[in-house]
Amino acid sequence: MSRILLTRHGETPWNREGRIQGWAATGLTERGRREASAMGAWVDDTYDVDRILASDSERTRRTTANLRDAAGPLPEPAFDATLRERGFGVYQGFLVEDLFERYPEHDPSHSVSALPADPDHGESVAAFCERVTSAWDSVRAATDPGETTLVVTHGGVIKVLLAELTDRDRDAALAAHSHDNCAVTEIRLDGADSTLVAEEQTDWRETVDW
């Protein structure tokens, strides 16, 4: 039996401001760095991590660096563009409320992940979901029996994966709010079967002096 841990990156300035990030090269806030460090130490105490895979975005690279600095010896990460957030092209950097004014047919209570528009130089919902599903197949293939892989990625990616692994409707999953920054979700693999064991774990918060 193998295990895959999914975690979202730490807080960024654009998270705090409510801006659409997509593939933007945003770093972490001080809070985001503390989140990543506390999560890394907790993961190191709770699991035996054999492999780290991460999106190649700046915020996931920095999250990975911070979590590794706070933990014991962890494997060198491998970075993969297929684990990126949905590409929002020309809408990158917009405040969420400003974008929804352009698309009044989109329910503003829904996450921008579910925005049905196909932005110039960005990805449609269908293309994004296809990419993430393919990435999941690669993550599974890279995780040998008995191993634990930590995947540092994005809120939209985690939504798509959980919809694939459970009975959740994909559109409803995308419309929901993202997991908290640095929350950890555990999935166990047994042959071809995948089981959601624990979702959005944030026990590490108890150790943070905010």
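# Briefing: pocket, cores and aromatic pairs

At 10% relative accessibility, Tyr91 counts as buried, where buried means under 20% relative accessible area, exposed means over 50% and partly exposed lies in between (1.4 Å probe, protein chains only). The model is a predicted one, in which local features need pLDDT of at least 70 and side-chain atom pairs count only at pLDDT 80 or more, while totals for chains, interfaces and linings use all residues. Residues are numbered from 1 along each chain as its sequence is written, and side-chain values use heavy atoms, with hydrogens and water left out.

**Aromatic pairs**

- Rings of Phe, Tyr and Trp (its six-membered ring) pair if their centres lie within 6.5 Å, with planes under 30 degrees apart counted as stacked, over 60 as edge-to-face and the rest as tilted; by this rule there are two aromatic pairs.
- Trp42 and Tyr47 have ring centres 6.0 Å apart and planes at 80 degrees, so this pair is edge-to-face; Trp42 is buried at 14% relative accessibility, and Tyr47 is buried at 7%.
- Tyr91 and Phe94 form an edge-to-face pair, with 5.9 Å from centre to centre and 85 degrees between the planes; Phe94 is partly exposed, with a relative accessible area of 23%.

**Largest pocket**

- The lining has seven nonpolar, 15 polar and six charged residues, where Ala, Val, Leu, Ile, Met, Phe, Trp, Tyr, Cys and Pro count as nonpolar, Asp, Glu, Lys and Arg as charged, and the others, Gly among them, as polar.

**Nonpolar cores**

- The largest nonpolar core has 23 residues, and those with the most contacts inside it are Ile4, Leu6, Trp136 and Leu174; such a core is a set of buried Ala, Val, Leu, Ile, Met, Phe, Trp, Tyr and Cys residues joined through side-chain atoms within 4.5 Å.
- Two or more residues of this core come from each of strand S1 (2-8), helix H5 (125-142), H6, helix H7 (170-175) and strand S5 (184-190), and H5 gives the largest share, seven residues.
- Leaving out residues up to four places away in sequence, Trp136 touches Ile4, Leu6, Leu161, Leu165, Ile187, Leu189 and Ser194, a contact being heavy atoms within 4.5 Å.
- A second, separate core of 19 residues includes Leu5, Ala54, Leu67 and Leu150.

**Buried glutamates in loops**

- Glu147, in the loop between H5 and strand S4 (148-153), counts as buried at 17% relative accessibility and, not counting residues up to four places away in sequence, touches Ser2, Arg3, Asp50, Arg51 and Ala142.
- Glu123, in the loop between H4 and H5, is buried with a relative accessible area of 11%; beyond its neighbours within four places in sequence, Glu123 is in contact with residues including Trp23, Glu85, Arg86 and Arg131.

Key:
Helix = DSSP H or I, 4+ residues; strand = E, 2+ residues; numbered from the N terminus.
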